[in-house]
Amino acid sequence: MTDDTHPREDATAVPEGEVSDPATADRPAATDGGTDTAAGADDVELDPWGSSTVADYRNLFEEFGIEEFDDVLPDVSTPHYLMRRGVIFGHREYDAVAEAMANDEPFAALSGFMPTGDPHIGHKLVFDELIWHQKQGGDAFGLIADLEAHSARGMSWDEIDEHARNYLLSLLALGFDAEEGELYRQSDNREVQDLGFELGSKANFSEFEAIYGFDGETNISHLQSVITQTADILYPQLVDEPKPTVIPVGPDQDPHVRLTRDLAVRMRFFKVTEAFASFELDDDERQLVRAAYDALAAGAGDEDGEETDGDGADVRCEDAVEWLGEYGPVPELADAKEGALRKLEAGGKEPLRPRVRFLNRNATDEAFEALIDAVEGDKRVFEGHVDAFDLSRVEAEELAREVELDHGGFGFRQPSSIYHRFMSGLTGGKMSSSIPASHISLLDDPEDGYDKVKAATTGGRSTAEEQREKGGKPDECPVYELYAYLLAADDDGLAKEVYEECAGGERLCGGCKEQAAELMEEFLADHQEKRAEAEELLADLDIDLSSARRGTGGEH
């Protein structure tokens, strides 16, 4: 979840002509690190601490269930330019945040920064996303992942203190409102550490092996830092009330998001599902039984053969067995069909009747009894669950959360996330903190920033004549990325102009880099002036930047 990325990956764009939503067809193109998929890209690995390469972002939709951001973009009333340009390419359940935003309901945004070096233009993506959500009315949280830096990267506390200060100054300089939001260090936040202890009771080492590749050589503090990050992600829901919360990160941090979403569910007192009979169904089986019930209920007739009102009162398990036996679902549901048929056959003449089911997962006896009392209308009470026939799924979820909160539970919602593309290095390939020429630090002297851009690799042709004839390749150009991700700021017209002039052969690399270099110099000069102004703001915050901790740090 922490953004310590020295944006490593070559960015991959939506190819021209493949825009999924007509509303986004005129947006400036995102950068595309080439159309060839790197070797091994089909076996995508996301490593929060490594240097994995996402050669084809589209693989993430299939491999990890990340959803395309274009699908939710129309629901965002005033999207950030990173959203409009496709730099933010994916999400997990961001629609919940968009809905809260549109209805002026509570929501939050949180991201963390591992202080292992200077903040750079890649971190600015996350800074901007966090600040934008704050300006849309969200509760904003920025954290320094110092425990992670110490345990996973072996950073000394003196180094951590220095880098933490620089991150916070840049975040404040870019517009984070510390009076309205919250900034903290993991090591100083007792609520986060206590929550991490509770979350740890729902996690096990085998998960860490599967998700992160941990083994017998992994130090225990590194494991602890992961649980602390899950607590960070859920921390905004401890403030005031559980609410939709978005975590803006690069895709390499998705493992933390996935783990936290699982833990948020495991911590809940009750699991709410849809059911049709006394037995349990998994999601795919439920889809099939729902199809059978809907078809049978709609076609049910009375004894004289007249159609009824379709309430399904006479639909039984054995009827669904017959219907499903003739139903040919899509191939991926073949196993689910076998499972559903076995359960329905065992049900025999038991009526099928839709209901929501409250399963007791972690509730105290008092909380379970309170839930039973709170369920109004027709219900059935069993030893480990309650079936309610007059509640919708949404109403049931809210009722379960209310009872849980009233009885000392957390009532967590699963956190949402958005994912941005990584920037390419200015020298081509990966952007690396160990190669100064490949990246621009937010602390760089403005003239040095100018020089780095002027020396950057481009997507231009071998000669000016060839460029004019064939056009440049902005989708493979680190300099165009600077316009799309940073230098054009909110001016979509400029980003589009640079892209089209380059692709059309009107724009040559020398003039393009000169313009970008001047804009970079102006940005850095302005940013550092604002950093100096932010010194006073930082001094007034209750953040200890002179840690008294001692230790040698861990190893990754």
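This is a predicted model: local features need pLDDT of at least 70, side-chain atom pairs count only at pLDDT 80 or more; totals for chains, interfaces and linings use all residues.

Student: What joins β8 to β10?

Tutor: Four bridges join β8 to strand β10, which covers residues 385-388, and the two run antiparallel. Within that pairing, Val-356 stands opposite Ala-388 in β10.

Student: Is β8 mostly covered or mostly open?

Tutor: Mostly covered: β8 spans residues 355-360, and five of its six residues are buried.

Student: Ok, zooming out. How many helices and strands does the chain have?

Tutor: There are 20 helices and eleven strands in the chain. The chain has 556 residues, and 53% of them count as buried.

Student: What about contacts between residues that are at least 6 apart in sequence?

Tutor: Of those contacts in the chain, 78% join residues at least 24 apart.

Student: Back to strands. What is the order in the open sheet of seven strands?

Tutor: The order is β1-β2-β11-β6-β3-β4-β5, and the pairing is mixed. At the edges stand β1 (67-68) and β5 (182-185); each has a single partner strand, so one side of each is left without a neighbour in the sheet.

Student: Which helix packs on that sheet?

Tutor: Helix α10, residues 254-266, packs on the sheet and touches β2 (88-92) and β11. The direction of α10 makes about 20° with that of β2.

Student: How do β6 and β11 run?

Tutor: Strand β6 (residues 245-249) and strand β11 (residues 416-420) run parallel, joined by four bridges. In this pairing Val-246 stands opposite Ser-416 in β11.

Student: Where do the side chains point in a strand?

Tutor: As a general rule, side chains in a regular strand alternate between the two faces of the sheet.

Student: New topic: rings. How many aromatic pairs are there?

Tutor: The count comes to twelve aromatic pairs. Take Phe-113 and Tyr-167: their ring centres are 6.0 Å apart and their planes are at 25°, so the pair is stacked.

Student: Where do Phe-113 and Tyr-167 lie?

Tutor: Phe-113 lies in strand β3 (residues 108-113) and Tyr-167 in helix α6 (residues 157-173), so the pair ties together parts that are 54 residues apart in sequence. Both Phe-113 and Tyr-167 are buried.

Student: Which residues form a cluster with Phe-113?

Tutor: Phe-127 and Tyr-167 form one aromatic cluster with Phe-113.

Student: What lies over the face of Phe-389?

Tutor: Arg-353 does, at 4.0 Å from the ring centre.

Student: Let me pick Ser-225. Which helix is Ser-225 in?

Tutor: Ser-225 is in helix α9, residues 220-234. Ser-225 has a relative accessible area of 3%, so it is buried.

Student: Leaving aside neighbours within four places in sequence, which residues is Ser-225 in contact with?

Tutor: Leu-147, Glu-148 and Ser-151.

Student: Where is Glu-93 found?

Tutor: Glu-93 lies in the loop between β2 and α3 (94-102). At 30% relative accessibility, Glu-93 counts as partly exposed.

Student: And is Asp-240 buried or exposed?

Tutor: Exposed, at 73% relative accessibility. Asp-240 is found in the loop between α9 and β6.

Terms used
Residues are numbered from 1 along each chain as its sequence is written. Side-chain values use heavy atoms; hydrogens and water are left out. Two strands pair if DSSP finds at least two bridges between them. Contact means heavy atoms within 4.5 Å. Axes are lines fitted to C-alpha atoms, for helices over the stretch in contact, and angles run from 0 to 180 degrees between N-to-C directions. Buried means under 20% relative accessible area, exposed over 50%, partly exposed in between (1.4 Å probe, protein chains only). Rings of Phe, Tyr and Trp (its six-membered ring) pair if their centres lie within 6.5 Å; planes under 30 degrees apart count as stacked, over 60 as edge-to-face and the rest as tilted. A charge sits over a ring if NZ of Lys or CZ of Arg is within 6 Å of the ring centre and within 35 degrees of the ring normal.
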